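Here is a short tour of a protein model for you to explore. Keep the picture open as you read, and look up each place as it comes up.

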Amino acid sequence: MRYQRMILQSVDETLAGPRVEELKAHLRSCEKCRARYERQAFSAKLLANYILPDEPTRGKPEWRPAGVTNNERRFRRLVPATAIAAACLLIVGFVGWRYLRTPKASWEVVRLTGNPTVHQQVITRSGKIAPGEWLETDGESRAMIQVGNLGQVEVDPNTRIRFIKADHDNNRLRLERGKIYATILAPPRLFFVETPSALAVDFGCSYTLMVNDAGETYLRVTSGWVALNLNGHESLVPAGAECVSKPGFDPGTPYFEDASAKFKNALRSFDFENGGPAEIDTILSDARAKDVLTLWHLLDRVRSDQRPRIYDRLAALSPPPVGVTREGILNLNREMLDAWRDKLEYVSIGIDPTNAPTATGNLKPVGNMIDSRFGHTATLLADGRVLITGGHEKNQNMLASAEIYDPATQQFTATDSMSTKRVGHTATLLPNGKVLIAGGSDQEFFVGALASAELYDPATGKFIATGSMNSKRLAHRATLLKNGRVLISGGQGEDWANLNSSEIYDPDKGTFTPAAAMKERRADHTATLLRDGRVLLTGGSGARYHPVNVSATAEIYDPAKNNFTSVGNMSVVRFKHSAELMADGRVIVIGGSNAQMWGGQYASAEFFDPATGTFTSAGQLNTARYKIRDAVVLLREGKVLVAGGGRVEIFDPATGLFGAVKGGMGTTRYYATATLLPNGEVLILGGYSSESTGNMPSNASAWIYQSEMMSKGNEK
Amino acid sequence: MASLQDDKTNEELVQEALAERPGAFRELYDRLYSRTYRLAYGMTGRHELAEDLTQEIFIRTYQKLSKFDMRSSFATWFYRLAINHSLNYRKREMKDIHKGSEIDDQLPSGAEQNIESNVLGQQIQSQINRALISLKPTHRMVVILKDVEGLNIAEIAERMSCSQGTVASRLFRARDLLARKLEHLRSAL
């Protein structure tokens, strides 16, 4: 303890007087403290450099948060200023290197909750587990194992796990039953977990491993890769995928967790229930582009007479690389199988742009808006121009200004300003040609929402007041009904309380009237007019701040009955997502996030079918994204364009795939807008970049998406 | 040229904000944003999460402003609130992780957003971020305040409402763990 404090002071250059010599003498004689000293100095120096990416010898790119100063003083302070310290570092370097590579005889165990035991001794706070010892948790207990310097394993309740060994290249646990979460930051094949039915081999990743009372193993990988091995057979499982293994069988075939239930059931039957050609039929018919790794695993698992079918489907989804032949694969040539797998590993997780689906069409810049904006609205007017209102100029700088984009001249011109600043408001084109602007917030930190509404009249270019809503609302939705009225649903009200109320705006009277209450409080939800005149509402959050209570539920508003009725749930909770009515009458729900917001963005999409009232998978975007509420539009040809939060992508109902449009808009754009123009082009405006450093500066630039057909037309 | 408003103390701005002078709180926000954001970034390791956390901190400050009694400096009161809120934010995140959702999204750094660039510096930053994320929140806060923010142990103890001995112990432990986790980077520095 005494030397611990002195080491700290020495590293921070606050140690002075005779204690300098005392520490120096001690470090000469104590190998353990030398190693400690070196680790302290190393970490301090590392962190100083961590915030000093401008330091010239490092050549790091600029990525730090705004406001971090180039504090050379701090760097100098952490560079050993005395010859003693420098000498110590040099002397102990080799010793420390050896120390850190020496396998530990035991690993640290930390109690998280309850009374976990190691070797039947209760761990009150932290303790050690030695090779051969069992760690057990009851229904109330959780613990964490520090796996040397490789990572951590969190142990759930009702789990029994044994520490097998820690070696230079073999760090091993045995999970007898229960559930663990492993986060390992190490080179591949250094950490292993045995189970009664498989061996999980870490490739540098995070994953959940669960063993039930029957000894069956369930693996879900959340980052990186994990292999399940048994009897010389291996299943390679990427992030987002799962794999099951059962005693007496080879490891199951991995599959992505968003695969269809039919696909998963067929695989399970094939793997563990002697499934045959019928199951193969289902697997092949339901396989998506991202399921290529699943199909690859089947190549050497199916009967030889079924192998050509697997090959053909796989080759159609992702052609084999040069040098890999059909004959070679059908004969299970190992080198060719591995070469194809090497390619598919990347394709399956969507990071091989040469093989990922791409969309046709192109993007071109069309100048800049007068004001930079995100969280604004962009509404197509009856005369083909676009009204742009409000939004943020940058974080907390809200706008009352409005401007008009004219596709004929590709120019932005200022128009009258709204009566107040508005962010999180709605803008709805009414049958009479005016635009209803409702709610939003004009206050810092959204401490207050607005009940006020106003109308923009394109004929006069002016905003005029109309009746106010009955509730203050922001992040609500406004949906033009077939009867010409507007349904206002949910949103955030006063004091950050989200609303379950709704109201109807009558353009003839200029008034808002309370309507039925939704089944749930919803803000940042979607509201989509269905073909039959009803409105589908999905997801949203029940509260603005933690816990935000993001919802997976959906409900339908029936204007004829003025009521909301619950329908099936989405596969995941979503808010700040988007939904669009498709040409076939279904609704596609895209992206969004869970309560972790940035950390919980989704790439997944799903269909809602009004005929059945159910949601089914619609595949995966190439980029997960949220804050896209007004950035999705249905194109003339029936495809769906997704802008904002990443590269522009197009969903093609004919293929069931999302493809990224070639080229980009220079940066990601959250809370951008996408507006379908009369000529079929799409106007994409503003947004803010996730690469920005805190102040969320918005973008003024405008881009036009043209489909391939339109591009060719223009060339002629 | 400095404006008259620049001459006002934080405490004066607080009094004006409590008296509902328009823009007073905004000036506090402008003054304190960068440092708060830096702290939030240190605790979350991602620009996007830091944005969310920073907003929460200022919202909480706005809500609790009337409870500032003017007996200490506003900066001390504010950073204590920011630290406590950041620690709670980490707890909430960990709780979500324990529910089994999106572990991978908690780990990558902001630098990893730029996947097209693969220079050594970004790899290092990413790994430091991962190592920092894996520390206990209290340990992480201490190293951020000490080695990133440059506060001394007495200042950290005051802001975290704990003893200097506790801070020293946490700092030693945190640096030790970081060095072990990042040992492979020694050759890169």
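The briefing below moves from the whole model to single residues.

This is a predicted model, in which local features need pLDDT of at least 70 and side-chain atom pairs count only at pLDDT 80 or more, while totals for chains, interfaces and linings use all residues. Residues are numbered from 1 along each chain as its sequence is written, and chains are lettered from A and ligands numbered from 1 in the order in which they are written.

**Chain A as a whole**
- Chain A has twelve helices and 48 strands; these are DSSP runs numbered from the N terminus, with helices being H or I of at least four residues and strands being E of at least two.
- Of its 716 residues, 49% are buried, where buried means 20 or more other C-beta atoms within 10 Å of a residue's own, exposed means 12 or fewer, partly exposed lies in between, and C-beta atoms are placed from the backbone.
- Among the contacts in chain A with a separation of 6 or more, 46% join residues 24 or more positions apart; a contact means that the C-beta atoms, placed from the backbone, lie within 7 Å.

**How confident is the predictor?**
- Chain A has an average pLDDT of 82, and 83% of the residues score at least 70; pLDDT is the predictor's confidence in each residue, from 0 to 100.
- Residues 51–104 of chain A stay under 50 in pLDDT, and the model gives them 87 contacts beyond four places in sequence.
- Residues 691–695 of chain A are also below 50, with 17 contacts in the model beyond near neighbours in sequence.

- Helix α6 (residues 261–272) and helix α7 (residues 277–286) of chain A have axes that come within 9 Å and cross at roughly 145 degrees; axes are lines fitted to C-alpha atoms, for helices over the stretch in contact, and angles run from 0 to 180 degrees between N-to-C directions.
- Residues making this contact include Phe263(A) and Phe270(A) of α6(A), and Thr282(A) and Ile283(A) of α7(A).
- In the loop between these two helices sits Asn274(A), which has a positive phi of about 55 degrees although it is not a glycine.
- Most residues other than glycine have a negative phi.
- Is Asn274(A) buried or exposed? Asn274(A) is exposed, because 8 other C-beta atoms lie within 10 Å.

**A buried tyrosine**
- Tyr671(A) also has a positive phi, near 55 degrees, and is found in the loop between β45 (657–661) and β46 (673–676) of chain A.
- Tyr671(A) has 26 C-beta neighbours inside 10 Å, so this residue counts as buried.

**A glutamate in a strand**
- Glu503(A) lies in strand β32 (residues 502–506) of chain A and counts as buried because 21 C-beta neighbours are inside 10 Å.
- Glu503(A) and Ser471(A) are 32 residues apart in sequence, yet their C-alpha atoms are 8.8 Å apart in space.
- Leaving out residues up to four places away in sequence, Glu503(A) touches several residues, including Met469(A), Ile488(A) and Phe512(A).

**An enclosed helix in chain B**
- Helix α7 (residues 137–148) of chain B is largely enclosed by the rest of the structure, because ten of its twelve residues are buried.
- Among those buried residues are His139(B), Val142(B), Leu145(B) and Asp147(B).
- After α7(B) comes Gly150(B), with a positive phi near 80 degrees.

How values were computed:
Two residues are in contact if their C-beta atoms, placed from the backbone, lie within 7 Å.
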